[in-house]
Amino acid sequence: MVSRVSLPARSTGEPEAGPFAGDRAQAIAAANRALATKYFLEGAELDDGPNRDLEAAAAAYRRAALFDPELVPAVVNLANVHYERDQPGKAIDHYLMVQRKSELFDEALYEVAWVYVKNREFDKALPLLRRVVEEQPGYQDGVLLLSAAEEGAGSPDDAIATLEDTNDIGFQAVEVTGS
């Protein structure tokens, strides 16, 4: 006979016994984190490697984010999958879910800006890239994309100035020529 285990009933003020003795909320949070981790790892396996399946990876990342909305890598990877599947709107929506307090926030802004630059929406990309470069002046990809967006927006002098400004912080700029 298989014995079933369930979460304890809501607290009645009496001490709880059994495998989930203690704080019920902590037990639920721990279970959610464990499930989120499981689905994140499943998504990562499906996202890359010999059995690559972007549809299944997206579903796994969605489940991971559902169980732990603060698992930022799952949200970013889900956005990356949408971008790769040529779904820029969904990609942007998910990148923008990354909270400001996350260490991946600037990376998420960069990725949103990349989508905008790819779609030639330079006016939307520029403020995001300026913020990224302001927060991380040595971030070479951010500087180069900002310069490209400025060029695309019809401001080649700003593009050159952006690259020249980075020389002061040790960035090795390449010569930019008009096309």
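Buried means under 20% relative accessible area, exposed over 50%, and partly exposed in between, with a 1.4 Å probe and protein chains only. I looked up His94 on that scale: at 18% relative accessibility, His94 counts as buried.

**Entry 1: ground rules**

I am working on a predicted model, where local features need pLDDT of at least 70 and side-chain atom pairs count only at pLDDT 80 or more, while totals for chains, interfaces and linings use all residues. Residues are numbered from 1 along each chain as its sequence is written, and side-chain values use heavy atoms, with hydrogens and water left out.

**Entry 2: the whole chain**

I found eight helices and zero strands in the protein chain. Both are DSSP runs numbered from the N terminus (helices H or I, at least four residues; strands E, at least two). From the N terminus on, the order of elements reads α-α-α-α-α-α-α-α. Of the 179 residues in the protein chain, 35% are buried. I then looked up contacts, meaning heavy atoms within 4.5 Å. Among those in the protein chain between residues at least 6 apart in sequence, 34% join residues at least 24 apart.

I returned to His94, which is found in helix H4. Which residues does His94 touch, leaving aside its neighbours within four places in sequence? I noted Val75, Leu78, Ala79 and His82.

Next I took Gln99, in the loop between helix H4 (88-95) and H5. Gln99 is partly exposed, at a relative accessible area of 36%. Its C-alpha lies 8.3 Å from that of Glu70, although Gln99 and Glu70 are 29 residues apart in sequence.

Axes are lines fitted to C-alpha atoms, for helices over the stretch in contact, and angles run from 0 to 180 degrees between N-to-C directions. Angles under 35 degrees count as roughly parallel, over 145 as roughly antiparallel, 65 to 115 as roughly perpendicular and the rest as oblique. A crossing is left-handed if the near helix is turned anticlockwise from the far one by less than a right angle, and right-handed if clockwise. For residue classes, Ala, Val, Leu, Ile, Met, Phe, Trp, Tyr, Cys and Pro count as nonpolar, Asp, Glu, Lys and Arg as charged, and the others, Gly among them, as polar.

H5 with H6: the axes come within 8 Å and cross at roughly 150°, and the two helices are therefore roughly antiparallel. H5 passes H6 in a left-handed crossing. On the H5 side I listed residues including Phe105, Leu109 and Tyr116, and on the H6 side residues including Lys124, Leu128 and Glu135. By class, this contact has 12 nonpolar, no polar and four charged residues.

H6 with H7: helix H6 (residues 122-135) packs against H7 at about 150°, with the axes 9 Å apart. H6 and H7 are therefore roughly antiparallel to each other, and their crossing is left-handed. Phe122, Leu126, Leu129, Arg130 and Val133 in H6 meet H7 residues, among them Val143, Leu146 and Glu150. I counted eight nonpolar, two polar and two charged residues in the contact of H6 with H7.

H5 with H7: the axes of helix H5 (residues 105-118) and helix H7 (residues 140-152) come within 11 Å and cross at roughly 30°. Parallel or antiparallel? H5 and H7 are therefore roughly parallel, and H5 passes H7 in a left-handed crossing. Tyr110, Ala113, Trp114 and Val117 in H5 meet Asp141, Gly142, Leu145 and Ala149 in H7. The classes here are six nonpolar, one polar and one charged.

**Entry 3: Thr162**

I placed Thr162 in helix H8 (residues 156-167). Thr162 is buried, with a relative accessible area of 11%. Beyond its neighbours within four places in sequence, Thr162 is in contact with Val143, Leu146, Ser147 and Glu150.

**Entry 4: aromatic pairs**

Rings of Phe, Tyr and Trp (its six-membered ring) pair if their centres lie within 6.5 Å; planes under 30 degrees apart count as stacked, over 60 as edge-to-face and the rest as tilted. How many aromatic pairs does the structure hold? I found three.

Tyr39 and Phe67 are stacked, at 5.9 Å centre to centre and 20° between the planes. Tyr39 lies in helix H1 (residues 24-47) and Phe67 in helix H2 (residues 54-67), so the pair ties together parts 28 residues apart in sequence. Tyr39 is buried at 15%, whereas Phe67 is partly exposed at 27%.

The rings of Phe40 and Tyr61 have centres 5.8 Å apart and planes at 45°, so I logged the pair as tilted. This pair links Phe40 in helix H1 to Tyr61 in helix H2, 21 residues apart. Tyr61 has 0% relative accessibility and counts as buried.
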